[in-house]
Amino acid sequence: MQKSLKPENPLFLGLAVVGLIGGALLVASFLRTNTSSPLICGGAWGIGGGDNNSTSLLLEAVVHYATSRVTPQQSIGEITVSLDVLRSIGPSNFLVFGLGHDSLMWAAINPRGKTLFLEEDPKWVQTVLKDAPALHANTVRYRNQLSQADHLLHHFRAEPDCSAELSFLRGNDKCRLALNMLSDEVYDTEWDMIMVDAPRGYFAEAPGRMAAIYSAAVMAKNRKKSGVTHIFVHDMDRRVEKMYAEAFLCKKHFVKAVGRLWHFEIPPAANVGRNFC
């Protein structure tokens, strides 16, 4: 029986991802050979000559998704939301919570940008990097569990070091929602895009995404550069993701929803005051 290429079909998704990455590869190749293009210097992708690493990563991603039966966790519609932002703002600092089957894709469609993955499972990091050593990933040891989600909102309201007025992560031992165990690279980088698609949040003992969403909001509010921080939260059909996104990313900053992915644009605190919402 012939397979149907519907959007939810894994074969369709794999082919679509190859198309997206292949398109980026064609753009990169064109810009590398057309030095008169205004995009070479600070344009949409900013890919100049001699950047072999970007092209190599794009080629690796195309081959991977063209020959593998494993497809990204997100649908093509959900992926396109982030891709459209990347196209509009150009090479970006892109922080991704989670390391998985879509990681090579995220790195490949951000040529000349910085893409860093945060993953809870050190063994899984080793497994992924063995097959894709060009990816950049850190291991994170979360200190909360999903079963504590409701209690942690009460903790946020009662603990001064969680307040929006302070908004700090590094060295914040008192606020249990603050990711105080990250690398200096995470703290010292101003992230243009943050994808929250991890850690696991589907059983009581899992870390849940409470701290990831709160910390993403803090990073966005502490932004010094011009412009907004684009935050994407996946699995928004689940209660905790929705509850924390509405508490810290705010309905007023909501841009759009596609499938189970919600997109927010968070301005720096200097532009809107010190409250989260």
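**Ground rules.** This is a predicted model, so I note that local features need pLDDT of at least 70, side-chain atom pairs count only at pLDDT 80 or more, and totals for chains, interfaces and linings use all residues. Residues are numbered from 1 along each chain as its sequence is written, and side-chain values use heavy atoms, with hydrogens and water left out.

I placed H253 in the loop between α9 and β6. My helices (H or I, at least four residues) and strands (E, at least two) are DSSP runs, numbered from the N terminus. Contact here means heavy atoms within 4.5 Å. Not counting residues up to four places away in sequence, H253 touches H263, F264, E265, I266, P267 and F276.

I count Phe, Tyr and Trp rings (for Trp, its six-membered ring) as paired if their centres lie within 6.5 Å, and call planes under 30 degrees apart stacked, over 60 edge-to-face and the rest tilted. The structure holds twelve aromatic pairs. F156 and Y214 make an edge-to-face pair, at 6.2 Å centre to centre and 65° between the planes. F156 sits in helix α6 and Y214 in helix α8, so this pair ties together parts that are 58 residues apart in sequence. Both F156 and Y214 are buried. F254 and F264 are edge-to-face too, with 5.8 Å centre to centre and 70° between the planes. That pair links distant parts of the chain, with F254 in strand β6 and F264 in strand β7 (residues 261-266), ten residues apart.

What is the order of the strands? I read β3-β2-β1-β4-β5-β7-β6, seven strands in an open sheet with mixed pairing. Two strands pair if DSSP finds at least two bridges between them. β3 and β6 (254-258) stand at the edges with a single partner strand each, so one side of each is left without a neighbour in the sheet. The twist averages 15° from one strand to the next; axes are lines fitted to C-alpha atoms, for helices over the stretch in contact, and angles run from 0 to 180 degrees between N-to-C directions.

I then went strand by strand. β1 (residues 93-97) and β2 run parallel and are joined by five bridges, with L95 partnered by L116 in β2. Five of the six residues of β2 (residues 114-119) are buried, so this strand is largely enclosed by the rest of the structure. β2 also runs parallel to β3 (residues 137-139), through three bridges, and L118 stands opposite N138 in β3. The chain gets from β2 to β3 through helix α5 (residues 122-131), in a right-handed β-α-β crossover. Right-handed means that, with the strands pointing away from the viewer, the path from the first strand over the helix to the second runs clockwise. β1, helix α4 (residues 103-108) and β2 make a right-handed β-α-β unit as well. Further along, four bridges join the parallel strands β4 (residues 193-196) and β5 (residues 229-233), and M193 stands opposite H230 in β5.

**Cores.** I take a nonpolar core as a set of buried Ala, Val, Leu, Ile, Met, Phe, Trp, Tyr and Cys residues joined through side-chain atoms within 4.5 Å. Which residues have the most contacts inside the largest one? They are F97, Y214 and Y244, in a core of 47 residues. Its largest share, ten residues, comes from α8. Leaving aside neighbours within four places in sequence, F97 is in contact with residues including L118, Y142, L179 and I194. Apart from this core lies another of 23 residues, among them V81, L83, W106 and A137.

The peptide bond from A198 to P199 is cis, with omega near 5°, and P199 is in the loop between β4 and α8 (210-221). D235 is not a glycine, yet has a positive phi of about 65°. I found D235 in the loop between β5 and α9 (239-248), and D235 is buried, at 8% relative accessible area.

Terms used. Buried < 20%, exposed > 50% of the residue type's maximum accessible area, 1.4 Å probe, protein only.
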